[in-house]
Amino acid sequence: MYNETLAKIHFWAMFIGVNITFMPQHFLGLAGLPRRIPDYPDSFAGWNAISSFGSLMSVLATILFAYIIYDIFTNGKQVKANPWQVPQFFTSTKVFNDNALTANSLEWALIAPTPLHCYNDLPVVIENK
C-alpha cells in the first residue's frame, strides 16, 4: 500500500503547480508576448517569474511522486485480497472485518502483488447470472 497522505500532497502540489505554470502563459499571450523567442521585454518578467515558480513546484511534486513509488517498492506492505470491498447494508463492522479477506472475482483471488507464473493453466471464466 502507498502512503495516502503523501499521495494527496503530490496530487495537490502537481495540480497547483501545473495551473500556476500555464495560467500566466495565457495572460502573457493576451498581453502580446510572442511564442518561441529567446528574450522578452521586462514588462513580462513578473508573469514569467510566476510561471517559473509553478514549473519548479511541478518538478518538486514529480520528485515526491518518484519517492512515493520508491517507498512502495521498498517498504510497501501487502494489501488484502480486495481492498475496495464495501460492506453491505446492515453488516456489522466486526463481521465485515472478519470476512474482508475473501474475494469474489478472479483478479482478487491471488495475493498482491501477484507472483509470476501463478497459474499452471489459464483459468476458465464462467459468467454468473
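Student: Is His 10 buried or exposed, and how do you know that?

Tutor: Keep in mind that this is a predicted model. His 10 has a relative accessible area of 16%. Buried means under 20%, so His 10 is buried.

Student: Where is His 10, and what is it in contact with?

Tutor: You'll find His 10 in helix H1. Setting aside the neighbours within four places in sequence, His 10 is in contact with Ala 61, Leu 64, Phe 65 and Ile 68.

Student: What makes Glu 4 and Lys 8 a salt bridge?

Tutor: Their side chains come to 3.9 Å, N to O. The cut-off is within 4 Å, for a Lys or Arg nitrogen and an Asp or Glu carboxyl oxygen, so this pair counts as a salt bridge. A search of the whole structure finds 1 salt bridge.

Student: How are Glu 4 and Lys 8 placed in helix H1?

Tutor: They sit 4 residues apart in H1, which covers residues 4–30, so about one helical turn separates them.

Student: Why is Glu 4 called partly exposed?

Tutor: Its relative accessibility is 46%. Exposed needs over 50% and buried needs under 20%, so Glu 4 falls in between and counts as partly exposed.

Student: What classes of residue line the second largest pocket?

Tutor: The lining has 5 nonpolar, 3 polar and 2 charged residues. Arg 35 and Arg 36 are in that lining, and Arg counts as charged, so they belong to the charged class. H1 gives the most to this lining, with 3 residues, and the pocket's volume is about 160 Å³.

Methods: Residues numbered from 1 in each chain as written. Predicted model: local features only at pLDDT ≥ 70, side-chain atom pairs only at ≥ 80, totals over all residues. Heavy atoms only, no water. Helix = DSSP H or I, 4+ residues; strand = E, 2+ residues; numbered from the N terminus. Buried < 20%, exposed > 50% of the residue type's maximum accessible area, 1.4 Å probe, protein only. Contact = heavy atoms within 4.5 Å. 1 Å grid on protein atoms, 1.4 Å probe; cavity = no way out; pocket = protein on both sides within 12 Å on 5 of 7 lines; lining within 4 Å. Points joined across faces, edges and corners; volume = space filled by probe spheres on them.
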